Amino acid sequence: MENRVSLDLMEFIERNILPRYASFDAAHNMEHVMYVIKASGSLARRMGADANMAYTIAAYHDLGLQGPRAIHHLTSGKILRADRRLEKWFTAQQIETMAQAVEDHRASASRAPRSIYGRIVAEADRDLMPETVFRRTILFGKEHYPEKTEEEQWQRFREHIQQKYSVTGYIHLWITGSENEKNLKELRSIIANEQQLHKTFKRIYNELSTDAR
């Protein structure tokens, strides 16, 4: 197992893969992919996984957003699987494992990832700091539904947050004892208090509206 990312692989990905994130929405831009790369590296070291594989999976995990969002995880897996340039660093089996991990990263997945690498990228992709989650959700609403009023944005925000992050939400965590577990607990306590949730929404919404002027 490699415990450090090879410099030539890093150079290839920084030059050819990461720039694609510049065209994605604010919730999936360069800042997001760099967070996932960093978190994946930390988890890979903790779990004894191959650093080159974890790095590459993180770099490719959202490339499918160039197509339909609903299947972006599957499209991302296809992009990785089809990139013959990766054969310089990885075996065919490693490439398949990485493609499956990318396919398994989506939060709404109902089954556990098929490998340690899928668990790593799924965990790394879930930055569950409450402020980050709320800001990302509001940004998505403002970018994709600019015609909605503030009240309509609140309703969309509330519904999404409830469906995904509440105690009955669909989000799954696959690594126990993680920072995400602690953050999800805090997130759920805010969600359970609708008055606090609405107050938080209004604060962030107004901040983002002011910044956009």
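# Pockets, cores and buried residues

Tutor: By class, seven nonpolar, seven polar and eight charged residues make up the lining of the largest pocket. The model is predicted.

Student: Which residues of that lining lie nearest the centre of the largest pocket?

Tutor: H28, R69, H160, K164 and Y170 lie nearest the centre, out of 22 lining residues. The elements giving two or more residues to this lining are α7 (130-144) and α8 (150-165), and α8 gives the most, with four. The space in the largest pocket is about 520 Å³.

Student: How do you know which residues line the second largest pocket?

Tutor: A lining residue must have an atom within 4 Å of a pocket point. The residues that line the second largest pocket are A26, A27, N29, E31, H32, Y35, D127, E131, T132, R135, R136 and L139. They divide into four nonpolar, three polar and five charged.

Student: Why is L128 called buried?

Tutor: Buried means under 20% relative accessible area. L128 has a relative accessible area of 1%, so L128 is buried.

Student: Where does L128 lie, and what is L128 in contact with beyond its neighbours within four places in sequence?

Tutor: L128 lies in the loop between α6 and α7. Its contacts, with those neighbours left aside, are V133, Y165, I171, L173, N180, N183, L184 and L187. For N183, 55 residues apart from L128 along the chain, the C-alpha atoms are separated by 5.5 Å.

Student: Is E103 buried or exposed?

Tutor: The cut-off for buried is under 20%. At a relative accessible area of 16%, E103 is therefore buried. E103 is found in helix α5.

Student: What makes the pairing of E103 with R114 a polar contact?

Tutor: A polar contact needs a pair of N or O atoms within 3.5 Å, and within protein one must be able to donate a hydrogen and the other to accept it. The side chains of E103 and R114 make such a contact at 2.9 Å. Besides R114, E103 is in contact with H73, L74, G77 and R81, leaving aside neighbours within four places in sequence.

Student: How do you know that α3 is largely enclosed by the rest of the structure?

Tutor: Ten of the ten residues of α3 are buried, so the helix is largely enclosed. They are A51, N52, M53, A54, Y55, T56, I57, A58, A59 and Y60. Their cover includes α1, α2, α4, α5 and α6. At the N-terminal end, D50 caps α3, with a side-chain oxygen 2.9 Å from the backbone nitrogen of N52.

Student: Which residues have the most contacts inside the largest nonpolar core?

Tutor: I13, Y60 and L80 do, in a core of 37 residues. α3 gives the most to this core, with seven residues. Not counting residues up to four places away in sequence, I13 touches L18, P19, Y55, T56, A59 and Y60. Another core, of 19 residues, lies apart from the largest one and includes L184, I190, I204 and Y205.

Notes
Residues are numbered from 1 along each chain as its sequence is written. This is a predicted model: local features need pLDDT of at least 70, side-chain atom pairs count only at pLDDT 80 or more; totals for chains, interfaces and linings use all residues. Side-chain values use heavy atoms; hydrogens and water are left out. On a 1 Å grid over the protein atoms alone, a cavity is a set of points where a 1.4 Å probe fits but cannot get out, and a pocket is an open set with protein on both sides within 12 Å along at least five of seven lines; lining residues have an atom within 4 Å of a point. Grid points are joined across faces, edges and corners, and a volume is the space filled by probe spheres set on the points. Ala, Val, Leu, Ile, Met, Phe, Trp, Tyr, Cys and Pro count as nonpolar, Asp, Glu, Lys and Arg as charged, and the others, Gly among them, as polar. A nonpolar core is a set of buried Ala, Val, Leu, Ile, Met, Phe, Trp, Tyr and Cys residues joined through side-chain atoms within 4.5 Å. Buried means under 20% relative accessible area, exposed over 50%, partly exposed in between (1.4 Å probe, protein chains only). Contact means heavy atoms within 4.5 Å.
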